[in-house]
Amino acid sequence: MGGGQISWSLFDECQTFGTIIYIDDSKIQNRVGHAFVHFQENDEIFSELFRLFDEATVFMAEVMAIRQAVKCIIRRQLRQAKIISDSQSALMSLASLHERRLIVNEIKDNIREYLGDIQLIWIRAHRGFKGNKRAHQLAKLASTKDHVDFSFCPSRIQIKNAARREILEAWQQRWSGSSNARRTYSLLSKVDSKRIYGDFFLNQVSTGHGAFPCHHASLFGKDPQRPCRRADGSIFHVLFECQKKKDSRGSTVY
């Protein structure tokens with residue numbers, strides 16, 4: 001089941017006549033809603049709005065809106081109806097021959113098995129048509145509902161993203177509260193898994209673990225002062241203060 005393809009077409013203004021169902025979704029302050037509205041010859045006939053659980057994606061909200069619109073068409077036995085959506089990604093998932101999501105394949109099966117004619121149409125967002133504006137208004141209203149109408153298990157991607165956020169938050173707390181590596185912290189106070197440097201000299205500067213007297217003193221018990229004898233040989237002193245490195249500093253740091 002669900003292995004076939006459901007085609008869709010581009011919106012044309014002449015398609016605003018007959019039985020039209022506009023759908024839309026909305027995500028406001030992490031609250032997700034979707035709605036559909038049934039128009040007949042430019043007159044509003046019927047509408048429904050639903051709130052999804054807060055972790056739902058906008059894509060899933062649009063898929064659910066299509067699902068509910070199809071169910072409404074079948075329930076009301078509308079012989080010929082057009083569903084108009086501004087979510088190209090949702091329509092492309094219905095057109096895919098390799099879709100594995102159960103809810104998408106359920107929609108495919110319902111459309112194929114229905115004896116009437118259900119057409120899917122894509123419209124650009126914010127075109128200003130009466131039905132499109134009304135669906136958008138209802139979708140925003142749906143996100144403000146007190147109770148959640150649909151709740152389901154998060155996707156694998158959502159689970160991975162949630163785990164990644166928890167790891168980064170725990171890492172950030174440990175990094176901010178640690179008493180170690182404060183030199184590195186002064187340069188890189190926010191943790192980031194994407195910021196991984198492999199440069200030999202840059203790593204010495206960011207960590208202070210390099211050919212600096214103070215670091216050699218902690219490892220080998222050597223004299224921690226610079227040859228200038230004015231301060232300890234920290235990375236900060238070498239880069240910004242040491243007079244013996246003034247000429248080199250002028251050509252590299254600034």
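This is a predicted model: local features need pLDDT of at least 70, side-chain atom pairs count only at pLDDT 80 or more; totals for chains, interfaces and linings use all residues.
The chain has 254 residues, of which 39% count as buried, and its secondary structure consists of ten helices and six strands.

**Salt bridges**

- A search of the whole structure finds eight salt bridges, and those described here include one formed by Arg-51, whose side chain meets the side chain of Asp-54 at 3.0 Å, N to O.
- Within the pair, Arg-67 counts as buried at 17% relative accessibility, whereas Glu-106 counts as partly exposed at 27%.
- The side chains of Lys-145 and Asp-149 also meet in a salt bridge, at 2.8 Å from N to O.
- Lys-145 has a relative accessible area of 19% and is therefore buried, a value that falls under the 20% limit for that class, while Asp-149, at 28%, counts as partly exposed.
- Beyond separate pairs, there is a network in which Arg-67, Lys-71 and Glu-106 are joined by salt bridges that share partners.

**The largest pocket**

- The volume of the largest pocket is about 630 Å³.
- Its lining is made up of 20 residues, and the ones closest to the centre of the pocket are Met-60, Arg-101, Cys-153, Pro-154 and Ser-155.
- When the lining is sorted by class, twelve of its residues are nonpolar, three are polar and five are charged.
- At least two lining residues come from each of H1, H3 and helix H5 (156-177), and H1 gives the most, with four residues.
- Both domain 1 (8-153) and domain 2 (154-191) take part in this lining, each with at least three residues.

**Gly-131 and Asn-132 in helix H4**

- Gly-131 has its place in helix H4, and Asn-132 is found in that helix as well, which spans residues 130-142.
- Gly-131 counts as buried at 3% relative accessibility, and Asn-132 is also buried, with a relative accessible area of 5%.
- Although Gly-131 and Ile-21 are 110 residues apart in sequence, the distance between them in space is 8.0 Å, C-alpha to C-alpha.
- If neighbours within four places in sequence are left aside, Gly-131 is in contact with Tyr-22, Val-37 and Phe-39.

**Positive phi angles in loops**

- Gln-29 has a phi near 50°, which is a positive value in a residue other than glycine.
- This residue, Gln-29, lies in the loop between strand S2 (19-28) and strand S3 (31-40), and with a relative accessible area of 73% Gln-29 is exposed, which means that its value is over the 50% limit for that class.
- Ala-181, which is likewise not a glycine, has a positive phi of about 55°.
- The position of Ala-181 is in the loop between H5 and helix H6 (182-187), and at 41% relative accessibility Ala-181 counts as partly exposed.

Note on methods: Residues are numbered from 1 along each chain as its sequence is written. Side-chain values use heavy atoms; hydrogens and water are left out. A salt bridge is a side-chain nitrogen of Lys or Arg within 4 Å of a carboxyl oxygen of Asp or Glu. Buried means under 20% relative accessible area, exposed over 50%, partly exposed in between (1.4 Å probe, protein chains only). On a 1 Å grid over the protein atoms alone, a cavity is a set of points where a 1.4 Å probe fits but cannot get out, and a pocket is an open set with protein on both sides within 12 Å along at least five of seven lines; lining residues have an atom within 4 Å of a point. Grid points are joined across faces, edges and corners, and a volume is the space filled by probe spheres set on the points. Ala, Val, Leu, Ile, Met, Phe, Trp, Tyr, Cys and Pro count as nonpolar, Asp, Glu, Lys and Arg as charged, and the others, Gly among them, as polar. Domain bounds come from an automatic or database domain assignment. Contact means heavy atoms within 4.5 Å.
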